[in-house]
Amino acid sequence: MENARGVLLLSHVGFSFLEDLARTVTARGLKVHVLSSLPEPQHQGSRPGALADLADDVRITGEHVLTPHDVEEHLDRLRAAGVSVACCLTVWEGYRHLMALANARLGVPDLDEKQIPELRDKLTLRNRLADAGLSRGRASALTPETLAARQRDGGRHFVKPVSGLASFGTFPLTPDTTWADLERIAAEARADTVYASAFGADPGGRGMEFLVEDYVPGREFSFEVIVVDGAPHVVAVHEKCEVTEGPGTVLENACVSPPTSLSEEETAAGLRWVARVLDTLGLDQGCFHVEARYDAPAGWDLIEVNPRVGGSLISPSVAALTGGPGLLDLWLDALLAGDRTDAYVKTLKGLSYGTDGTTPSPYATFFRVFFAEPGTLRAVGPGDGLPLRPVLSQILLEAGDVVESSSREVFLGQVLWSMDRADRDAILPGLLPASERAIEIVYETEHA
């Protein structure tokens with residue numbers, strides 16, 4: 001194996017945006033080393049070859065979930081082969097602690113491995129921030145007793161897994177919610193090869209746990225943050241201009257950046273609040289997708305803190321906003337900065353929001369995510385008649401694919417538009433409804 005500097009990428013069941021990650025690494029002239037857990041049976045024939053085409057070196061384990069031993073053993077193997085690994089990166093939140101473990105071994109500044117499970121424990125996190133005066137709500141472990149008590153008290157409440165992702169099993173509590181509903185969702189998680197381990201729902205684990213918390217009102221936003229040596233830099237703020245709260249999951253249908261409904265003063269207050277949240281949690285390195293809601297006059301409150309790049313088109317949206325690097329680029333460059341941190345931070349500051357709530361970007365973005373419904377796809381393809389040409393369009397499913405009923409989001413496709421910020425308010429009112437036709441979808445039978 002050629003002795004050249006490279007990056008170790010951690011892949012869950014052969015995926016986890018490996019195409020995007022590999023392009024980001026190779027664009028810097030670095031080698032791509034992939035450690036992946038075993039793909040699902042339907043992908044075992046094709047995915048290893050696809051990974052080999054992307055990477056300089058691929059190792060696939062015999063199980064569907066990577067372990068700390070897998071990572072340490074692979075680092076030892078690469079070192080014995082004379083391979084120089086600059087850093088480790090993953091966008092799969094379930095492996096974020098393994099990334100931190102690897103970076104500690106490599107001497108790369110990152111979060112402490114023990115911080116990741118603490119951050120992913122949304123029950124403890126909510127109450128910790130409430131104690132610090134940074135959240136107005138509190139959370140409790142969900143049991144048959146607390147379920148009944150919350151249904152009796154007449155307030156608004158929200159249910160979510162204690163540790164989860166992909167909006168799986170997240171929904172507003174209603175008088176009709178039953179304990180059997182929670183047991184059904186937990187059974188779905190246990191049966192899901194891809195997601196089970198991320199929810200603690202694997203057969204050997206302690207089982208999927210839920211919390212119930214006070215409902216967070218207001219419009220929803222996300223802050224895309226890079227933290228270097230304790231200093232947070234907010235590269236973008238996205239407003240979730242369409243959110244659908246369903247009976248088993250929450251779908252984030254459309255996002256716009258910069259936000260349309262916030263003043264610069266309200267944005268500045270959000271930046272200060274995010275900085276306090278990160279400081280309270282001791283998060284002094286890394287990339288964070290901080291989801292929050294703003295409700296005037298009460299102010300900002302937390303949805304969750306994700307120690308990774310935001311999903312769907314967040315990173316490409318950041319690239320369109322900066323006119324260059326996406327969030328994934330900026331995260332990798334932070335890990336690679338080494339003794340050039342000062343130069344990197346200077347570049348990062350030039351791309352980030354000022355303390356007065358203003359952005360240096362002259363651009364605006366809008367993207368729509370299309371989620372699949374249960375059923376068989378008869379046809380799916382790009383739509384027409386759009387008032388603005390997309391800068392990126394991805395269709396992730398194809399005709400003949402069967403979508404099962406699930407309590408998690410199933411991505412069908414996503415489309416991103418970019419425009420001059422000065423023109424955004426004139427373009428967006430027509431683009432928002434028209435964007436619903438950006439991907440044409442036909443199912444074998446009509447949905448009820």
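Author: Thr 359 is in contact with Pro 258, Tyr 353 and Arg 421, once its neighbours within four places in sequence are set aside; contact here means heavy atoms within 4.5 Å. The model is a predicted one, in which local features need pLDDT of at least 70 and side-chain atom pairs count only at pLDDT 80 or more, while totals for chains, interfaces and linings use all residues. Residues are numbered from 1 along each chain as its sequence is written, and side-chain values use heavy atoms, with hydrogens and water left out.

Thr 359 lies in the loop between helix H12 (341-351) and strand E14 (363-371). Helices (H or I, at least four residues) and strands (E, at least two) are DSSP runs numbered from the N terminus. With a relative accessible area of 15%, Thr 359 is buried; the term applies under 20% relative accessible area, exposed applies over 50%, and partly exposed covers what lies in between (1.4 Å probe, protein chains only).

One partner of Thr 359, Pro 258, belongs to the loop between strand E11 (250-257) and helix H9 (264-280). The peptide bond that joins Ser 257 to Pro 258 is cis, with omega about -5°. A cis bond also links Ala 296 and Pro 297, where omega is about 0°; Pro 297 sits in the loop between strand E12 (286-295) and strand E13 (299-306).

Ser 312, which is not a glycine, has a phi of about 45°, and its place is the loop between E13 and helix H10 (314-322). Phe 17 likewise has a positive phi, near 55°; this residue is in the loop between E1 and H1 and, at 46% relative accessibility, counts as partly exposed.

Another loop residue, Gly 230, is found between strand E9 (219-228) and strand E10 (231-245). Gly 230 counts as partly exposed because its relative accessibility is 45%. The C-alpha atoms of Gly 230 and Asp 284 are separated by 3.9 Å, although 54 residues separate the two along the chain.

Val 7 is in strand E1 (residues 5-11) and counts as buried, at 0% relative accessibility. Beyond four places in sequence, Val 7 touches residues including Val 25, Leu 30, Leu 89 and Leu 332. The C-alpha atoms of Val 7 and Leu 30 are 6.9 Å apart, the two residues being 23 apart along the chain. Leu 89, under the exclusion of residues up to four places away, touches Val 7, Trp 331 and Leu 335, among others.

Two helix pairs complete the picture. The axes of H1 (residues 18-26) and H2 (residues 47-54) come within 10 Å and cross at roughly 15°; axes are lines fitted to C-alpha atoms, for helices over the stretch in contact, and angles run from 0 to 180 degrees between N-to-C directions. H1 and H2 are therefore roughly parallel to each other, a description for angles under 35 degrees, whereas those over 145 count as roughly antiparallel, 65 to 115 as roughly perpendicular and the rest as oblique. Their contact is made by Leu 18, Glu 19 and Ala 22 of H1 with Arg 47, Leu 51 and Leu 54 of H2. The axes of H3 (residues 68-80) and H4 (residues 96-106) also come within 10 Å, crossing at roughly 35°. Among the residues in that contact are Val 71 and Leu 75 of H3 and Leu 98 and Leu 101 of H4.
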